[in-house]
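Subject: Structure handover

Hi,

Here is the structure I promised you. My notes follow below it.

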Amino acid sequence: MSDAPGSPPAGSPADPPADRPMSWPVVSSRDLHRDDWVVALREDVITRPGHPEQFSRISLEHPGAVIVLAVDDDERVMCLRQYRHTSGHEFVELPAGLRDAGDEPAVETARRELREEVELEASDWRLLLSTFPSAGITDEVHEIFLARGLTHAPRGDFEMRHEEAEMERLWVPMADLLESVLEGRVRQGPLAQAVLVYAVLDQRGALEPVRRSRE
């Protein structure tokens, strides 16, 4: 069988796949909803490059979020149980928060959220993933961090409100959390991504430098 047109010959090296930035022509744009909250809903009328046909796409504007996989020296993960009205579940989640503080670096937002939500701080930080959770509807980006070298840190005068005021904190062994993800008992996306990437890195031995730095 011959190779497909434009594809490298079988057995030849190829560049690894990668996303690439792109923007199709926008004919018009209007707000469907915009207020003082952090997200807005927008409708764009766009065209394919070089084609006259016009069609609309709905976009949810979002500042993005940070998520923290906080792992202690006993390989336990700091988790939360939090009610999510839209999805109708109380999810097992990781400490997380919106990137709604202007140009604050993502890791600084992560530090603040870890302290405010679970009263912890970390000496070792590592970016595990940067993902688009639903690229067809929102421009939201998740920056998922690994935090190690954990110690207690009071949240200060930060006040837990609404759903956060009912959150439950729990330490979960990493092995148990991984099994819960693989068996579908825990389905919150950023948590599953973080745990699976951690497991892969651990299998490759890529976490050992972090562990040795704590010894």
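Thr131 sits in strand 8, which covers residues 120-131. Thr131 is buried, at a relative accessible area of 15%. Beyond the residues up to four places away in sequence, Thr131 touches Glu140, Val141, His142 and Gln193. Please keep in mind that this is a predicted model.

**Overall layout**

The protein has four helices and ten strands. Read from the N terminus, the order of elements is β-β-β-β-β-β-β-α-β-β-β-α-α-α. The C-alpha atoms fill a box of roughly 60 × 55 × 35 Å along the principal axes. Of the 215 residues in the protein, 35% are buried. Take the contacts with a separation of 6 or more: residues 24 or more positions apart account for 56% of them. The protein exposes about 13600 Å², and carbon and sulfur atoms supply 50% of that area.

**Charges**

How many positive and negative side chains does the protein have? There are 24 positive and 41 negative ones. The centres of the two sets lie 2 Å apart. The structure holds 15 salt bridges. Here are some of them.

Arg30 pairs with Glu43 in a salt bridge, with the closest N and O atoms 2.7 Å apart. This pair links distant parts of the chain: Arg30 is in strand 1 and Glu43 in strand 2 (residues 40-47), 13 residues apart. Glu43 is buried, with a relative accessible area of 16%.

Glu61 forms a salt bridge with Arg42, again with closest N and O atoms 2.7 Å apart. Glu61 lies in strand 3 (residues 54-61) and Arg42 in strand 2, so the pair ties together parts that are 19 residues apart in sequence.

Asp72 has a salt bridge to Arg76, and the closest N and O atoms are 2.7 Å apart. Arg76 is partly exposed, at a relative accessible area of 32%.

**The network around Arg34**

Which residues are linked in a network of salt bridges? They are Asp31, Arg34, Arg42, Asp44 and Glu61. Arg34 is worth a look here. Arg34 is placed in strand 1 (residues 26-34). Arg34 is partly exposed, with a relative accessible area of 44%.

The side chain of Arg34 makes two polar contacts to show you. One goes to the side chain of Asp31, at 2.7 Å. Another goes to the side chain of Glu61, at 2.9 Å. Arg34 and Glu61 are 27 residues apart in sequence, and their C-alpha atoms are 9.6 Å apart in space. Neighbours within four places in sequence aside, Arg34 is in contact with Ala40 and Glu61.

**A buried charge without a salt bridge**

Now turn to Glu143. Glu143 is found in strand 9 (residues 142-152). Glu143 is buried yet has no salt bridge. Which side chain of opposite charge is nearest to Glu143? That is Arg99, 4.3 Å away.

Glu143 does have a polar partner. A polar contact of 3.1 Å joins the side chains of Glu143 and Ser130. With neighbours within four places in sequence left out, the contacts of Glu143 are Ala65, Val66, Ile67, Arg99, Ala106, Leu127, Leu129 and Ser130.

**Positive phi values**

Two residues come up here, Glu75 and Glu119. Glu75 is not a glycine, but its phi is positive, near 60 degrees. Glu75 is in the loop between strand 4 (65-70) and strand 5 (76-84). Glu75 is partly exposed, with a relative accessible area of 22%.

Glu119 is not a glycine either, and has a positive phi of about 55 degrees. Glu119 is in the loop between helix 1 (106-118) and strand 8. Is Glu119 buried or exposed? At 17% relative accessibility, Glu119 counts as buried.

Best wishes

Technical notes: Residues numbered from 1 in each chain as written. Predicted model: local features only at pLDDT ≥ 70, side-chain atom pairs only at ≥ 80, totals over all residues. Heavy atoms only, no water. Helix = DSSP H or I, 4+ residues; strand = E, 2+ residues; numbered from the N terminus. Buried < 20%, exposed > 50% of the residue type's maximum accessible area, 1.4 Å probe, protein only. Contact = heavy atoms within 4.5 Å. Polar contact = N/O pair within 3.5 Å; in protein donor to acceptor, adjacent residues only side chain to side chain. Areas by Shrake-Rupley, 256 points an atom, 1.4 Å probe, with all protein chains shown as cover. Lys, Arg positive; Asp, Glu negative; His and termini not counted. Charge placed at Lys NZ, Arg CZ, Asp CG, Glu CD. Salt bridge = Lys/Arg side-chain N within 4 Å of Asp/Glu carboxyl O.
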